[in-house]
Amino acid sequence: MSNFNKMIKNRHPYMFIAPAVLLLTVFSLIPILIAFVISFTDLNLKGLADWSSITFIGVENYTELFSDDTFLKSIFNTAFYVVLGVPLVIFFSLSIALMLNYGTSKLFTVFRAVYYMPSITNIIAVAVIWGYLYNTEYGLFNYLLSLLTVDNIPWLEEPTIAKLSLILLAVWKGIGINMIIFLAALQGIPRSYYEAAEMDGANRLQVLFNVTLPLLRYATFFVTITTLIGWMQFFEEPFVMTDGGPLDGTISIALFIYKEGFQFSEFGYAAAGSFILFAMIIIVTMIQFKLRKSDTEY
Amino acid sequence: MAIKKKSKAGNYLVIVLMIVGGIAVSIPFIWMISSSFKPESEVLAIPPTIFPENPTLDNYINLFTNMNFTVYLRNTLIIVFFSFIGLLFNAMAGYGFAKYEFKGREKVFYLVLATMMIPGQVTMIPVYLLLNEMGLTNTMTGIILPGLAVAFSIFLFRQFMTTIPNDLIEAARLDGAGEFYIFFKLVMPIAKPIFAVQGILTFIAGWNSFLWPLIIANDESLYTLSVGLSLLQGQYANNFALQMAGAAFMVVPIIIIFSFFQKYIVEGFTMSGIK
């Protein structure tokens, strides 16, 4: 009873956190457990209607995945996206942040908004606009190239070119948020550092490489981790632009999971796939932290 | 700002680069706006016209007369409205974690943080199965509920609210103010900047919501603007003018809202200590 009274007296913190924590429990924590359990079953549409028909099949889903050509292809494609996309996003967002940090006039504020715009643009609107730009016959890109007497490029119809087209689009969309993070970090660098470097007679490039970039280490690390995690879950762009085609040429792991789950209703198989993706993300993130550690020991 | 003695040439080079890059980034938007005012025949013309020769509003009118964009807009606004209630929940939780000592605080907070690391693909299927069991598929409730609590948002609110002085809250308590009165009348006004950032981000996320409505909604009467736009893209595959008008209708409001509030977003990231 005394415990209960204490709870009533100290109820406020619980009342404040309850709504959000309950929602997170129901829609994030419990689903993880469910996903883990069903990844060892053959749950599909039939099992959903009649629970007794679900059988526990151990690690069969997992072993089957690694002999599934589409899944292996999706791993290859995802690696392709990550290896090209992540460095491009970091390079462009950092370069643009450095440019925008150069001045404080109205012009710079306007262009900050311009560079941020793609990242807040709805993905379907993006698909609609870029689908038109990439259109082989009527698209702007092929028209501009034809002025340079370049033949029509099948932007979304050839597997490798389609992957590159999706990367271009995703980089365009991915710059904004990272640029803001770099910009916030740049604005946090005390002026006195630059003044000291200037007094030592450092030129612009020396300041960039010896003062600015080292001080951005934490921001760069943060951006690298989040971008890497984001790109490993590359989903929206192939989903709305190509639906994984042509010939599974653009399918990513996340899209594979979605299709298995919601198009073929193979819930157990899809859940197993999602845990493999989760494991990959954890491993890559841990490697990142390891590398950073050895980096600071220098 | 950074270096006092800037060489003039270098300055101009940066400005020119910035403008050229900015134009390159804006090409899709410029093309969208321009095409949305072209009649259907002009949009397919080769060579394309940069500015519409016979500007028309027909495409926009079509969205509302021939397509159900009024319904999609209503649904989208409902989602936006409820995501603001979710924002309030996140703020309350952030305050609870920041300013109260209670049993299990650290553990629960770590659990909240842990949910941030789970890829969406892992929870997507179980959440669908859960909603299916609750009979909430193909309902507005099913679309709204899973997105209300956002761990990252709770985290940012907590970070900000930790900086509010305890003395201030204690003083209000001594004056006899209730806990909720303190939250709404004292803490919320102080936390205005973080509410501004989170408010904009919440609006954008709600306005753009696509995947979950697509999974949950079967009836067209529950479609959001994005789902409606993707339907339009499928139905009018070659009417690029109409597609561009639909896209512009989704994108332009966001750009307008963002340009008014953009300074809060940069400040918000500086505040939250990501640097």
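How far apart do the end C-alpha atoms of residues 114-134 of chain A lie, and how much of the span is helix? The end C-alpha atoms of this span are 22 Å apart, and 71% of the span is helix, with 0% strand. The structure in which this stretch is found is a predicted model, with scores of ipTM 0.84 and pTM 0.87.

Chain A has an average pLDDT of 87, and 95% of its residues score at least 70. Among the elements of chain A, H5(A) has the highest mean pLDDT, 94, whereas helix H1 (residues 2-9) of chain A has the lowest, 64. For chain B the mean pLDDT is 86, and 94% of the residues reach 70 or more. Over residues 1-5 of chain B, however, the pLDDT is below 50, although this stretch has 10 contacts in the model beyond near neighbours in sequence. Where pLDDT is low, the predicted coordinates should not be read in detail. Within chain B, confidence is highest in helix H4 (residues 69-99), at a mean of 93, and lowest in helix H2 (residues 40-43), at a mean of 79.

We turn now to chain A. An unreviewed UniProt entry places the feature "transmembrane region" at residues 12-38, 79-102, 114-134, 164-186, 207-232 and 267-289 of chain A. The span discussed at the outset, residues 114-134 of chain A, is therefore one of the annotated regions. Another, residues 164-186 of chain A, is 100% helix and 0% strand, and its end C-alpha atoms are 31 Å apart. The unreviewed entry also gives "domain: ABC transmembrane type-1" at residues 75-288 of chain A. That span is 76% helix and 0% strand, with 19 Å between its end C-alpha atoms.

From an unreviewed UniProt entry comes the feature "transmembrane region" at residues 12-33, 77-97, 109-131, 137-157, 194-216 and 236-261 of chain B. Residues 77-97 of chain B are 100% helix, and their end C-alpha atoms lie 30 Å apart. For residues 236-261 of chain B the helix content is 85%, and the end C-alpha atoms lie 35 Å apart. UniProt also lists "domain: ABC transmembrane type-1" (unreviewed entry) at residues 72-261 of chain B; this span is 78% helix and 0% strand.

The last topic is the meeting of the two chains. Where they touch, 78 residues of chain B are in contact with 75 residues of chain A. Several helices of chain B, including helix H1 (8-36), H4 and helix H14 (240-271), each supply at least two residues of the side that touches chain A. H14(B) provides the largest share of that side, 16 residues. By type, the residues of the side of chain B that touches chain A comprise 56 nonpolar, 19 polar and three charged.

Methods
Residues are numbered from 1 along each chain as its sequence is written. Chains are lettered from A and ligands numbered from 1 in the order in which they are written. This is a predicted model: local features need pLDDT of at least 70, side-chain atom pairs count only at pLDDT 80 or more; totals for chains, interfaces and linings use all residues. Helices (H or I, at least four residues) and strands (E, at least two) are DSSP runs, numbered from the N terminus. pLDDT is the predictor's confidence in each residue, from 0 to 100. Two residues are in contact if their C-beta atoms, placed from the backbone, lie within 7 Å. Ala, Val, Leu, Ile, Met, Phe, Trp, Tyr, Cys and Pro count as nonpolar, Asp, Glu, Lys and Arg as charged, and the others, Gly among them, as polar.
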